[in-house]
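Here is a short note to read beside the model. Please keep the structure open and find each residue as you go.

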Amino acid sequence: VESSWWYLIRNSLLVDYIRRFGAPRAMWEVGSGTGIVAETLTSAGISTIAVEPSCVGARAGATRGVTSIASTLEDLRLPAKSLPAIGLFDVLEHLEEPEELLTECHRVLDRSGRLYLSVPALTWLWSQADDLAGHECRYTKKTLTKLLRDCGFEIQNCSYSLATLVVPMAIFRSLPWRLGCRPDEKVIMKQLGYLPEAIARFILGIERRLIGFVPVGTSLFASVLPL
């Protein structure tokens, strides 16, 4: 699934987004999973250290050539104001109390550092895929910005992304879920499977033009600064 069209499009948009606000020379990606985003960032010229609590995930990241640490950010007990940039890409939605992680990010970020985030967006797009992924919630621009401000961050930008996928997701995932349909995990994963490269690049081209100008999207991207 990590080689699917969705990851390729989302990761390309993340790189574009980070560059838009001044790509840092180095970043710590927290909750890096198997290192797919860290690998993309490194290839884009952003030296990235991956921090992942799962040993399996950290090992997978290392096999991609990414410097990987098997730990939580909190357990590393890094010095205050020591990191130039942090990435939390599809992490917060898995946490019952995201404030704890965000507070630690605020503590270890340099005064001129920046936190970049992505989260799944729009509560009404909840589906079986969210249940399978272990999500606690989907965010709106209002709820995400409030959470970040409550944790001491200044919002530089918060934008919906992947607007072209809202209608397909509503029809093929959210509506069936609301009607009581609970498909097998393989059915969900198949939706992220093969897509002709030409179509994927067409979607990517559209999304690059839409980000920051649309009121909805299946993902939210944010760039914030510590106060």
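1. Start with the salt bridges. There are six salt bridges, a salt bridge being a side-chain nitrogen of Lys or Arg within 4 Å of a carboxyl oxygen of Asp or Glu. This is a predicted model, in which local features need pLDDT of at least 70, side-chain atom pairs count only at pLDDT 80 or more, and totals for chains, interfaces and linings use all residues. Residues are numbered from 1 along each chain as its sequence is written, and side-chain values use heavy atoms, with hydrogens and water left out.

2. Which residue does Arg-208 pair with in a salt bridge? The partner is Asp-16, and the closest N and O atoms are 2.5 Å apart. This pair links distant parts of the chain: Arg-208 is in helix H10 (residues 197-210) and Asp-16 is in helix H1 (residues 5-20), 192 residues apart. Helices here are DSSP runs (H or I, at least four residues), strands are DSSP runs too (E, at least two), and both are numbered from the N terminus. Arg-208 is partly exposed, at 43% relative accessible area. Asp-16 is also partly exposed, at 28%. The cut-offs are these: buried is under 20% relative accessible area, exposed is over 50%, and partly exposed is in between (1.4 Å probe, protein chains only).

3. Glu-39 and Arg-64 form a salt bridge, 3.0 Å from N to O. Glu-39 sits in helix H2 (residues 36-43) and Arg-64 in the loop between H3 and strand S3 (67-70), so this bridge ties together parts 25 residues apart in sequence. Glu-39 is partly exposed at 29%. Arg-64 is partly exposed at 27%.

4. Arg-107 and Glu-104 form a salt bridge, with their closest N and O atoms 2.8 Å apart. Both lie in helix H5, three residues apart, which is about one turn of the helix. Arg-107 is partly exposed at 32%. Glu-104 counts as buried because its relative accessibility is 11%.

5. Glu-74, Asp-75, Glu-96, Glu-97, Glu-99, Glu-100 and Glu-136 make up a negative patch. Patch residues have over 30% relative accessible area and no salt bridge; like charges are joined within 9 Å, nonpolar side chains (Val, Leu, Ile, Met, Phe, Trp, Tyr) within 5 Å. Helix H4 (73-76) and helix H5 (98-108) are the elements that give two or more residues to the negative patch. Glu-74 lies in H4 and is partly exposed at 32%.

6. There is a nonpolar surface patch too. Val-167, Ile-171 and Phe-172 form it, with about 320 Å² of accessible area together. Val-167 lies in helix H8 (residues 166-178). Val-167 is exposed, at 54%.

7. Check the backbone at two places. Most residues other than glycine have a negative phi. Lys-81 is not a glycine, yet its phi is positive, about 55 degrees. Lys-81 lies in the loop between H4 and strand S4 (83-89). Leu-122 is not a glycine either, and has a positive phi of about 75 degrees. Is Leu-122 buried or exposed? Leu-122 is buried, with a relative accessible area of 5%.

8. Last, the cysteines. The structure holds zero disulfides, a disulfide being a pair of cysteine sulfur atoms within 2.5 Å. For Cys-137, the nearest cysteine sulfur is that of Cys-151, 13 Å away. Cys-158 is buried, at 6% relative accessibility.

Notes: Areas by Shrake-Rupley, 256 points an atom, 1.4 Å probe, with all protein chains shown as cover. Lys, Arg positive; Asp, Glu negative; His and termini not counted. Charge placed at Lys NZ, Arg CZ, Asp CG, Glu CD.
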